[in-house]
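Take a look at the protein shown below. Then follow this short report through its parts.

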Amino acid sequence: MAEHRQEDVAVVVPVYNEEKTVAGVIESLLDRGYRVIAVDDGSRDSTPEILAGIASERDGLSVYTHVINRGLGTALRTGLKAAVDEGASCIVTFDADGQHDPDDIEGVIEPLLKGEADVVIGSRDFSEMPLSRSLGNTLMNLLTLLFYGCRVSDSQSGLRAFTARAASVIDIKSRGYGVSSEIIGEIHRNGLRMREVTIKTIYTPETISKGTSTSVGIRILLRLILNMLRRV
């Protein structure tokens, strides 16, 4: 694997009402030497106080705050821009609910460091997912193919890695969960090289209660159709 300094890697963590898990996620990333950019998307629980407490005690954490909840897409846009502005060479997105293993980050950024890819998507094993999540994610893979012409095995994965250049050219407009498919479309539109790397997923009551279920996938489909009609 190519040499790199941990501080050259910025991990963007969008956060919304994650008081049960956010401290453990942030601490685990800081313990491994990564810079962390947390985007508090208008949380109304104790998440803001938890983030402020960690930032006051440890180096390496930057907290950006949306006064009101603006959606996952907007939080990712804020975080990616902040990481580019802070001079990170590799930028990773990482969910705050505890579903990702921080040790997978090294494998996800490896193709970037070797110059083999501009963007890497962490691909989960759908056979290990609860059925509703597996069906929802399979539906979103199909929609990503239909709407953006891109075939990927896990379009909705929250663990991704970007070079700084790739992060700067990806133009996120979606506010909600449709952002994951939009990112794949932006990769294709900008001619960026993409790789997929297998990652683990940690299932807990918090992670199972969130994510892309079949019903969420149908709502995203309706939004995609409405967005296309507005452009006609």
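## A strand, a helix, a strand

Which unit do strand 2, helix 2 and strand 3 make, and is it right-handed or left-handed? Strand 2, helix 2 (residues 47-57) and strand 3 form a β-α-β unit, and this unit is right-handed. Keep in mind that the model is predicted.

The two strands of the unit also pair. Strand 2 covers residues 35-41, and strand 3 covers residues 61-66. Their pairing is parallel and runs over 6 bridges.

## The whole protein

Now step back. The protein has 9 helices and 7 strands. Of its 232 residues, 49% count as buried.

In soluble globular proteins, nonpolar side chains tend to be buried together. Here, the largest nonpolar core holds 29 residues. V11, V13, I26, L29, V92, F94 and I105 touch the most other members. Strand 1, helix 1, strand 2, helix 2, strand 4 and helix 4 each supply at least two residues of this core. Helix 1 gives the largest share, with 5 residues.

Zoom in on I26. Leaving out residues up to four places away in sequence, I26 touches V13, V36, A38, L51, I54 and L61. A second core is separate and has 25 residues, including L80, A167, I170 and I184.

## One side of helix 4

Which residues of helix 4 are buried? In this helix, residues 105-113, they are I105, V108, I109, P111 and L112. They lie on the same side of helix 4, because they cover an arc of only 145 degrees around the axis.

What covers these buried residues? The cover includes helix 1 (22-31) and several strands. Among the strands are strand 1 (9-15), strand 4 (90-93) and strand 5 (119-123). Strand 6 (160-163) and strand 7 (194-198) also take part.

After helix 4 comes G115. The phi of G115 is positive, near 75 degrees.

## Cysteines

A disulfide is a covalent bond between the sulfur atoms of two cysteines. How many disulfides does a search of the whole structure find? The search finds 0.

What about burial? C90 is buried, with a relative accessible area of 5%. C150 is buried too, with a relative accessible area of 8%. Both count as buried because their values fall under the 20% cut-off.

Terms used
Residues are numbered from 1 along each chain as its sequence is written. This is a predicted model: local features need pLDDT of at least 70, side-chain atom pairs count only at pLDDT 80 or more; totals for chains, interfaces and linings use all residues. Side-chain values use heavy atoms; hydrogens and water are left out. Buried means under 20% relative accessible area, exposed over 50%, partly exposed in between (1.4 Å probe, protein chains only). Helices (H or I, at least four residues) and strands (E, at least two) are DSSP runs, numbered from the N terminus. The arc is that of the directions from the helix axis to the C-beta atoms. Contact means heavy atoms within 4.5 Å. Two strands pair if DSSP finds at least two bridges between them. A crossover is right-handed if, with the strands pointing away from the viewer, the path from the first strand over the helix to the second runs clockwise. A nonpolar core is a set of buried Ala, Val, Leu, Ile, Met, Phe, Trp, Tyr and Cys residues joined through side-chain atoms within 4.5 Å. A disulfide is a pair of cysteine sulfur atoms within 2.5 Å.
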